[in-house]
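Reader: Could you walk me through this fold and its charged pairs?
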Amino acid sequence: MTILDRYLAYADAFEESYRDDDWSRLEVYFTPGAIYEGEPAARGRAAVLAKLKAAVDGFDRRMDSRTPDFARPTVNGNTLTMKWSVSYTKKGVPDLVISGVETAEFEGDRIALLRDDFDPAAQKAMGEWMAKHGAALGG
């Protein structure tokens, strides 16, 4: 199985976990020492899974709908990159579309490093949307 095949399986499993909130199915896709870069970084498989769940719970699940769109990933050695965008709706506020690039570095058939970089315009739009409409997300 190539890292492209493995990543596509991970992406499908992520969406399944999003639907049923069972994040344990993603364990097999990460090395024990996996890192999710960002502030703060998550270090270790359990911390990476917890960060993914927290991100979904803290934003995506507070929206009325979430529609992801993924470009075909590209592979260079042990590194895979994929452009993505996600459209969100929430009653009473404007729709939001964010986009970026996900990078996954593999050790064998498992992700050792995961990073999402927002497109600069999307990051700006997200900040502006949150400043104006973030209260609509509650808690």
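Author: Gladly! Helices (H or I, at least four residues) and strands (E, at least two) are DSSP runs, numbered from the N terminus. This is a predicted model, in which local features need pLDDT of at least 70, side-chain atom pairs count only at pLDDT 80 or more, and totals for chains, interfaces and linings use all residues. Residues are numbered from 1 along each chain as its sequence is written, and side-chain values use heavy atoms, with hydrogens and water left out.

Reader: Which pattern does the protein follow along the sequence?
Author: The protein has three helices and seven strands. Read along the sequence, they give α-β-β-α-β-β-β-β-β-α.

Reader: How many salt bridges are there?
Author: A salt bridge is a side-chain nitrogen of Lys or Arg within 4 Å of a carboxyl oxygen of Asp or Glu. By this rule, the count is 11.

Reader: How many residues apart in sequence are the parts that E15 and R66 tie together?
Author: The side chains of E15 and R66 meet in a salt bridge, 2.8 Å from N to O. E15 lies in helix α1 (residues 3-20) and R66 in strand β3 (residues 65-70), so the parts this pair ties together are separated in sequence by 51 residues.

Reader: Are E15 and R66 buried or exposed?
Author: Buried means under 20% relative accessible area, exposed over 50%, and partly exposed in between (1.4 Å probe, protein chains only). By that scale, both E15 and R66 are buried.

Reader: What separates K53 and D57 in helix α2?
Author: K53 and D57 form a salt bridge, with their closest N and O atoms 2.7 Å apart. They are four residues apart in helix α2, so the separation is about one helical turn.
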